[in-house]
Amino acid sequence: MLHFVEVVLPLALNKTFTYLVSEAEFQYIKKGMRVAVPFGKNKVYTALVIDLHQNEPLLYKAKEIHQILDEAPLVNEKQIEHWMWVASYYMCAIGDVFKMALPSGFLLESETIISSKTDLAVDEKELDDEEFLIYQALQQQSSLKVEDIVAILGKKNVFPVLNRMLTKNVLILQEEVTEKYKPKLTRYIRLHSEFLQQEQLAELLELLSRAPKQRELVLQYFQLQVTDKKPISVKKLTEAAGSTATVVKSLVDKNIFEEYYLSEDRVHFEKSENAGFELSLPQQNALDAIQESFQQNAVTLLHGVTASGKTEVYIKLIEAYLHQEKQVLYLLPEIALTVQLVSRLTAYFGNQVAVYHSKYTNNERIEVWQQVLQGSEKAKIVIGARSALFLPFSNLGLIVIDEEHEQTYKQFDPAPRYHARDAAIVLASAHGAKVLLGSATPSLETYNNVQSNKYGLVNLTERYGKVFLPEIYLVDIKDKYKRKRMKGHFSDTLIEAMAEVLALGEQVILFQNRRGYSPFVECLTCGHVPQCPSCDVSLTYYKYKNQLRCHYCGYTIANPTHCHACQSVDLSTKGFGTEQIEMELKELFPDKTIGRMDQDTTRGKFGYEKIIDAFKERETDILVGTQMLAKGLHFDNVTLVGIMNADNMLNQPDFRSHERAFQMMTQVAGRAGRSEKKGKVMIQTYNPYHNIIRQVTEHDYNSMYKEQIYERHNFKYPPFYRLIKLTLKHRDYDRLKEGSMWMYNVLTQSLQIPILGPEEPAISRIRNEYIRTILIKIPQKNHLGNTKKTIQKILNSFEAVAQYRAIKVTVNVDNY
């Protein structure tokens, strides 16, 4: 009987593949193991085994697997089921989920190894100059890699030469898969066993009497052994003795010391002795209410005002689950937030905490994966951004989703375009775990689920330590400009408030949700604005680098000295970003230290840490930033927050813009006055009478919710309708227009539900590809699964039409 394995490849293929295995391999292989399989022309890829069976494929002849890569499953069955659900719900390929979920160090690709045929005599006269160079190199070395041959010939494309040599039967090509992960090895030393006796020890010290540095090092070794009683690393010994590695090497060469290596974790956390705390009465009541709610509900929302001490409640709840020997996942929307939270949790729980996000290196992520897989003590609690959801949990008890309203929980590119909050609730259900959603400004969907009794609700209405909520002041900048009371983009009211706060030695946060110096440069003579040649978008001006940059494709040009259309030198910048605010502040407060936190200043691995630590240690007086500042950061000394322009948040072409503006302003305001000092918030706006701004000043979430949910119901938006957005892209404008109309007409006829489009989005061309979007609105009464199957059939039919095959279609389920 033939045996087969069904595998998933990390390629954008919407299906699984079947490969042939021997009887022995079939007995050994388990679901969740990785195997190397041949795919395409001479290439070998990593694949994940998701099933074992005896069903031969009907449409193709099954190839044999290349090799088995694991000794035990790397992915457990619950994970595979969850990945299948993500692929099905978000209408993407299972290969996309597999590729995104596994650290790339686990996704191995074969390397071509070239060797010569040893059993054949080769006539060297038949070889040309390039072929002879390769042949000669193979006489010196048994095998070469492609990059070696590139170096030998000094040209990039060497495959035509290799193909000629293959035809002449001179070479053999083999595909070899090698592991990318390398454990971190630390060098340790110990005394040779013969010197452990008292007599030999005396002889040793006598022997080293003429080498004082070596003698000192040996004595230091004994001292460390007595005090530490742990293996002694070379680094520790040389530091303690004030010596060098050369002295250690001399002792190793004399066979006095022997060296050995131990594998160590790249990330290690220490517990703090004074990290304990007691919950306040409101916090304790909230904790009890959450545990009570978990008796009835799998998901509970903790609706607590900013600075109410939600993190302390999470810590005590996590502790309760650790006592039950359960694993805990703590999800955060931004990597920036992990900086402060990791220090708080590791101080309390020590090395039971593991951190997992994209700023970690491949090797670090692989180590966390292995720890979670083994149920290690080092990964009882995993803190991470949305990708931590795909770790191999086997005993999950609790998922905490902090700032659950944040839009960064939704992945937009590449596929799978999943929402971490929703996917986490499904994962928890598979494990029988509980989910705690925490937010001061919950999303409308979550709060609607609370109102319809799907989720439990716990309120935490007062700030920790009975600290008052900040006072919010509105500054009408339309009136200020009229009265000439503006300096740059700062009103006199905001400047006075800042000067007052800084004089008291307190700190200020300023929020402007746009990076760069200015959104665009305009010619005052003819009105021309420099555009990106590949995208339909104006170029953003960066004063520090004196260049214009496209935020979509990365295109840059030097800042023009004259207009490219009319040659006028009368150019002006319009609008403002964080870089311009930073420069204006340096003029207004020249003796103060100013920091900036946006995507441009936090690119490195420790970019966030440096800026946040400097501000926390009060080395920075004023911090300017984008939405990164709005989320969950805690600074004791901040008493003033300024929102530079509230209107650009309110006037976005998005059905969620008012909800998002309320959330953003409330969260930014919540950074002020988080300890004994009362906070102030200044909101600069052209429209101080706007409903949302009024609701922010009155901290009135319920009014905002009622108003927005009424509008959502009227205009057929979530949570009353499900949305699926289709984005079509092609370089040919007319073909895209024709294809999108075909798609719209077929969808309208087949589904009989509201469909909007095809329309050109605000930015209708990116990287020289034109864009059209179609929005499908699915009513609650329609079966979601059947509707998706119909849409998928239409997409397959669209791909089958020859003239539309080149049009790229991306599907975004729940695109908000």
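Which helix does Leu373 lie in? Select Leu373 to start: the residue belongs to helix H14, where helices (H or I, at least four residues) and strands (E, at least two) are DSSP runs numbered from the N terminus. This is a predicted model, in which local features need pLDDT of at least 70 and side-chain atom pairs count only at pLDDT 80 or more, while totals for chains, interfaces and linings use all residues. Residues are numbered from 1 along each chain as its sequence is written, and side-chain values use heavy atoms, with hydrogens and water left out.

**Leu373 and its surroundings**

Leu373 is partly exposed, at a relative accessible area of 24%; buried means under 20%, exposed over 50%, and partly exposed in between (1.4 Å probe, protein chains only). Show the neighbours next. Leaving aside residues up to four places away in sequence, Leu373 touches Pro73, Leu74 and Pro392, a contact being heavy atoms within 4.5 Å.

**His357**

Move to the loop between strand S14 (353-356) and helix H14 (362-373), where His357 is found. His357 counts as buried, at 6% relative accessibility. Its contacts, not counting residues up to four places away in sequence, are Ile335, Thr338, Arg365, Ala385 and Ser387.

**Helices H2 and H15**

Select residues 77-89 (H2) and 420-431 (H15), two helices that pack at an angle of about 145° with axes 10 Å apart. The axes are lines fitted to C-alpha atoms over the stretch in contact, and angles run from 0 to 180 degrees between N-to-C directions. On the H2 side the contact is made by Lys78, His82 and Trp85, and on the H15 side by Asp422, Ala423, Val426, Leu427, Ala430 and His431.

**Two cis peptide bonds**

Go to Asp413 and Pro414, which are joined by a cis peptide bond with omega about -10°. Pro414 sits in the loop between strand S16 (396-402) and H15. The peptide bond from Gly757 to Pro758 is also cis, with omega near -10°, and Pro758 is in strand S33 (residues 755-759).

**Positive phi**

Most residues other than glycine have a negative phi, and most peptide bonds are trans. Select Glu325, in the loop between helix H12 (310-323) and strand S13 (327-331). Phi of Glu325 is positive, near 60°, and the residue is partly exposed at 48% relative accessibility. Asn453 has a phi near 65° and lies in the loop between helix H16 (444-451) and strand S18 (456-460). Asn453 is exposed, with a relative accessible area of 64%.

**Cysteines**

How many disulfides are there? The count is zero, a disulfide being a pair of cysteine sulfur atoms within 2.5 Å. Display Cys526 and Cys566: the sulfur of Cys526 has its closest cysteine sulfur in Cys566, 3.7 Å away, which is too far for a bond. Cys526 is partly exposed at 41% relative accessibility, and Cys566 is partly exposed at 31%.

**The whole model**

Zoom out to finish. The protein has 26 helices and 36 strands, and its C-alpha atoms fill a box of roughly 90 × 80 × 70 Å along the principal axes. Of the 816 residues, 52% are buried. Among contacts between residues at least 6 apart in sequence, 75% join residues at least 24 apart.
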